[in-house]
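The sequence and the coordinates come first.

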Amino acid sequence: MTYTPEQISQIGLKVLNEIETPDVSKLPFDEKLKLAQHPNISQETLAVLATDENSSVRYLVAKHPNTSQETLAILVTDEDSYVRRLVAKHPNTSQETLAILATDKDPGVRYWVAKHPNTSQETLAILATDKDSNVRYYVKQNLKLKEEFRE
């Protein structure tokens, strides 16, 4: 089979891309842990690690300062409540993601949403009626809360 120069160029780019971005999902567990803690890890690599089967890896992704809003939004449905708690306290978490986490079954997740400076007024108003007293307490402490929701 013969290839056109354009096809050869596309194949070359594909190979170079694969060399530059190795499949981190195939790394051994201990290497994934080291990678997830590296200060210069890319957001793209963190996004891949966010789907790892091991919650310890996902925990480190949720904790990493370089984790993007998009990756944090993926972790909002993580089965591990500690991962979701880290998403709820991460400084890059968007208002939309915080609104979703405000309905989490784990009160610890809702507690961090109530404390988060990016939590919207609307989400704080919902959390002001939370069944957990710690959540309600931190809603009151959140400076963004409107005066009408304070006791």
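The model is predicted. The secondary structure comes to ten helices and zero strands, and 35% of the 151 residues in the protein are buried.

**Fold and core**

- Read along the sequence, the pattern is α-α-α-α-α-α-α-α-α-α.
- Of the contacts between residues at least 6 apart in sequence, 40% join residues at least 24 apart.
- The largest nonpolar core holds 28 residues. Leu49, Leu75, Leu101, Val113 and Leu127 are those with the most contacts inside this core.
- In soluble globular proteins, nonpolar side chains tend to be buried together.
- Beyond its neighbours within four places in sequence, Leu101 is in contact with Val76, Arg84, Val87, Ala88, Val109, Arg110 and Val113.

**Helix pair α2 and α4**

- Helix α2 covers residues 29-37 and helix α4 covers residues 55-63; their axes come within 9 Å and cross at roughly 10 degrees. Angles under 35 degrees count as roughly parallel, and α2 and α4 are therefore roughly parallel to each other.
- On the α2 side, the residues that meet α4 are Phe29, Lys32, Leu33, Ala36 and Gln37. Their partners in α4 are Ser56, Val57 and Leu60.
- By class, the residues of the contact of α2 with α4 are five nonpolar, two polar and one charged.

**Helix pair α8 and α10**

- The axes of α8 and helix α10 (residues 133-141) are 8 Å apart, and the two helices pack at an angle of about 5 degrees. That angle makes α8 roughly parallel to α10.
- From α8, Pro107, Arg110, Tyr111, Ala114 and Lys115 meet Asn134, Val135, Tyr138 and Val139 in α10.
- The contact of α8 with α10 divides into six nonpolar, one polar and two charged residues.

**Buried faces of α6 and α8**

- In helix α6 (residues 81-89), the buried residues are Val83, Arg84, Leu86, Val87 and Ala88. These buried residues of α6 pack against α4, α5 (69-75), α7 (95-101) and α8 (107-115).
- At the start of α6, a side-chain oxygen of Asp80 comes to within 2.7 Å of the backbone nitrogen of Tyr82.
- In α8, the buried residues are Gly108, Val109, Arg110, Val113 and Ala114. Their cover includes α6, α7, α9 (121-127) and α10.
- At the start of α8, a side-chain oxygen of Asp106 comes to within 3.0 Å of the backbone nitrogen of Gly108.

**Thr67**

- Thr67 lies in the loop between α4 and α5. Its relative accessibility is 0%, so Thr67 counts as buried.
- A polar atom of the Thr67 side chain lies 2.5 Å from the backbone oxygen of Val61. A polar atom of the Thr67 side chain also lies 3.2 Å from the backbone oxygen of His64.
- Not counting residues up to four places away in sequence, Thr67 touches Leu46, Val61, Leu72, His90 and Asn92.
- Thr45 is 22 residues from Thr67 along the chain, and their C-alpha atoms are separated by 9.4 Å.

**His90**

- His90 sits in the loop between α6 and α7. With a relative accessible area of 3%, His90 is buried.
- The side chain of His90 reaches the backbone oxygen of His64 at 2.6 Å. That backbone oxygen of His64 is also 3.2 Å from a polar atom of the side chain of Thr67.
- A polar atom of the His90 side chain lies 3.0 Å from the backbone nitrogen of Asn92.
- Leaving out residues up to four places away in sequence, His90 touches Ala62, Lys63, His64, Pro65, Thr67, Leu72 and His116.

**Ser42**

- Ser42 is in the loop between α2 and α3 (43-49). At 27% relative accessibility, Ser42 counts as partly exposed.
- The side chains of Ser42 and Thr45 are joined by a polar contact of 2.9 Å.
- Ser42 and Thr67 are 25 residues apart in sequence, and their C-alpha atoms are 8.4 Å apart.

Terms used
Residues are numbered from 1 along each chain as its sequence is written. This is a predicted model: local features need pLDDT of at least 70, side-chain atom pairs count only at pLDDT 80 or more; totals for chains, interfaces and linings use all residues. Side-chain values use heavy atoms; hydrogens and water are left out. A nonpolar core is a set of buried Ala, Val, Leu, Ile, Met, Phe, Trp, Tyr and Cys residues joined through side-chain atoms within 4.5 Å. Buried means under 20% relative accessible area, exposed over 50%, partly exposed in between (1.4 Å probe, protein chains only). Contact means heavy atoms within 4.5 Å. Axes are lines fitted to C-alpha atoms, for helices over the stretch in contact, and angles run from 0 to 180 degrees between N-to-C directions. Helices (H or I, at least four residues) and strands (E, at least two) are DSSP runs, numbered from the N terminus. Angles under 35 degrees count as roughly parallel, over 145 as roughly antiparallel, 65 to 115 as roughly perpendicular and the rest as oblique. Ala, Val, Leu, Ile, Met, Phe, Trp, Tyr, Cys and Pro count as nonpolar, Asp, Glu, Lys and Arg as charged, and the others, Gly among them, as polar. A polar contact is a pair of N or O atoms within 3.5 Å; within protein, one must be able to donate a hydrogen and the other to accept it, and residues adjacent in sequence count only if both atoms are side-chain atoms.
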